[in-house]
Amino acid sequence: MMQNNCTTTPKVNKVRIVFTRRKMTAYGGFALIAAFFERVCLTEMIEKAVPIRECSPNGIGIYGKVIAFFAMVYAGADRFSHLVYLGNKDVLAKIFGVKRLPDAATTLTRMFNKLKTVKAADALSHSIWTYLAELIPWNTIQEDWLTFDSSVLPRYGEQEGAKKGYNPAKHGRPSHHPLLAFLNRSKYVIHLWNRSGNVASWNNILAFFADSYNRINDHIKVLGVIADSGFYLRQFIEKLEEEHLTYIIAVRLIRPIQRQIYSITSWKEIAKGLSVSEFSFMHPLWGKERRYIVIRQNIIRRKKAMGKTLPLFANEIDIKDYRFSAWITNSKEPPYDVWTMCKPRANDENTIKELKEDFALGGFSMKKFYAVEAAMVLRVLVYNLFLLFRHEFLGKKEKSQHLKTLRYKYFVLPAQMGSNGREAVLRISVQSRRIWSKLSSLFARISQYIPEGDLNCTAVGNA
């Protein structure tokens, strides 16, 4: 029978186990993030951007709740119930400069569920982008491709907008189908809209493109638009031509395209088992012919050959060893150069994978559709801030490392909150002299960091 008041001192391998009420945290390295947030005036932005007003003098405040949410993401959480990951919240509250952090997950879900309309979600997204546009170092980017992709996020409850649609991983499972826009080379996510799971990839792409393009057009030279076959849509292509933008869009290998590819007689070999060609083609009602680029890869000579077969000609011996990929484009460059330009679109797929695995893009689900979108938009902000942090402060080898790696390198560090006279002191436990030196250097660099834009905050103003 278990004793409620056990007086026996536990031991493990002759080590006595005792308990303490001293304020400690497993995330002493979050002080780096807190220092960065202070430099970029995150407090002021969040209080203005989140369209919720709280009047209670005893309340946690919007920033305190959002910081708890951010800290959960950086700690690896993907559910609101994972608030327990943060452990001693008093220490983290002190580090991030808030009154306190929430004790219950429902405090966060109640906040998000107040964002009930598309107007509220759009206002949040617009305010966050206005803020990010001041932070992103455009002078180091100068030019980039605008790229679009979508993702499928399975849902397991009664969430609004969770519908059955295209879901390659979990057939028949309801999902959300968000649409995302990227800067392809620099990897910033510049826009996100959540959508019901039963819509096509191109759904709402015209409005989404216009909004995304307007966000970056004044900051950098847009080299063009790259998109996958889900955006092979006449109206979208005509809109890009109207804006005089170069476009490279993957083509679904529907029957008319298969016939065109099969009829090609002139292929130019550019590498072992890799050939290119092109043709002109017009769909009925499309109004004019457009240029198509085709890549043919031999599966025998190239073990990692990409592309698809031509099912319409599956019995033809002369093409059974080949895989094909096609793109529609208005570029005047040679076919191989066009293919080379669109190859980096894999960056977007890697970014989506990183968003899902490291920033829980598919997590933190709630019943309200726009509450889910608001939580997604804030996680995209967390991702972009992490990207900026990594770009500005970390070494060359670390600039490509994911949060999952850097979390256990710099953030998960035991620390104790204490004092020296009236000054609060966070004592971070570091055994390695190399890490000690690196942390000291990072804190020094962050303290000297001045954001690109004019954020008008006290911290930067006193730099």
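This is a dialogue on reading the features of one predicted model.

Reader: What should I know about the model and its numbering before reading any value?

Author: The model is predicted, so local features need pLDDT of at least 70 and side-chain atom pairs count only at pLDDT 80 or more, while totals for chains, interfaces and linings use all residues. Residues are numbered from 1 along each chain as its sequence is written, and side-chain values use heavy atoms, with hydrogens and water left out.

Reader: How many helices and strands does the secondary structure come to?

Author: Helices (H or I, at least four residues) and strands (E, at least two) are DSSP runs, numbered from the N terminus. Here the protein has 16 helices and 16 strands. Its C-alpha atoms fill a box of roughly 85 × 55 × 45 Å along the principal axes.

Reader: What share of the residues count as buried?

Author: Buried means under 20% relative accessible area, exposed over 50%, and partly exposed in between, with a 1.4 Å probe and protein chains only. By that rule 50% of the 463 residues count as buried. Accessible areas come from the Shrake-Rupley method with a 1.4 Å probe, and for residues only the protein chains shown count as cover. The protein exposes about 23900 Å², of which carbon and sulfur atoms supply 49%.

Reader: How is strand pairing read, and which strands join S12?

Author: Two strands pair if DSSP finds at least two bridges between them. Strand S11 (residues 268-271) runs antiparallel to S12, with 3 bridges. Strand S13 (residues 290-298) is also antiparallel to S12, joined by 8 bridges. Leu274 of S12 stands opposite Ala271 and also opposite Gln297 in S13. The hairpin of S11 and S12 has 2 residues between the strands, and Gly273 there takes a positive phi near 75 degrees. As for cover, 6 of the 8 residues of S12 (residues 274-281) are buried.

Reader: Which residues touch the most other members of the largest nonpolar core?

Author: A nonpolar core is a set of buried Ala, Val, Leu, Ile, Met, Phe, Trp, Tyr and Cys residues joined through side-chain atoms within 4.5 Å. The largest one has 141 residues, and Phe37, Leu42, Ile46 and Phe112 touch the most other members. Helix H13 (residues 369-393) gives the most to this core, with 17 residues. Apart from it lies another core of 13 residues, among them Ile293, Ile295, Trp327 and Val338.

Reader: What is Ile46 in contact with?

Author: Contact means heavy atoms within 4.5 Å. Neighbours within four places in sequence aside, Ile46 is in contact with Ile62, Tyr63, Val66, Phe70, Leu378 and Leu381. For the protein as a whole, among contacts between residues at least 6 apart in sequence, 67% join residues at least 24 apart.

Reader: Is Phe364 buried or exposed?

Author: Phe364 is buried, because its relative accessibility is 2%. Phe364 lies in the loop between helix H12 (346-358) and H13. With neighbours within four places again left aside, its contacts include Phe69, Met72, Val73 and Arg379. The C-alpha atoms of Phe364 and His82 are separated by 9.7 Å, though the two residues are 282 apart along the chain.

Reader: Which residues make the nonpolar surface patch?

Author: Patches are made of residues with over 30% relative accessible area and no salt bridge; like charges are joined within 9 Å, nonpolar side chains (Val, Leu, Ile, Met, Phe, Trp, Tyr) within 5 Å. Val12, Val15, Ile17 and Phe19 make one of about 410 Å². Ile17 sits in the loop between strand S2 (15-16) and strand S3 (24-25), and its relative accessible area of 32% makes it partly exposed.

Reader: How many salt bridges does the structure hold?

Author: Side chains of opposite charge can pair when their charged atoms come close. A salt bridge is a side-chain nitrogen of Lys or Arg within 4 Å of a carboxyl oxygen of Asp or Glu. The structure holds 12 of them.

Reader: Where in the chain are Glu354 and Arg390?

Author: Glu354 and Arg390 form a salt bridge, with the closest N and O atoms 3.7 Å apart. Glu354 is in helix H12 and Arg390 in helix H13, 36 residues apart. Both Glu354 and Arg390 are buried.
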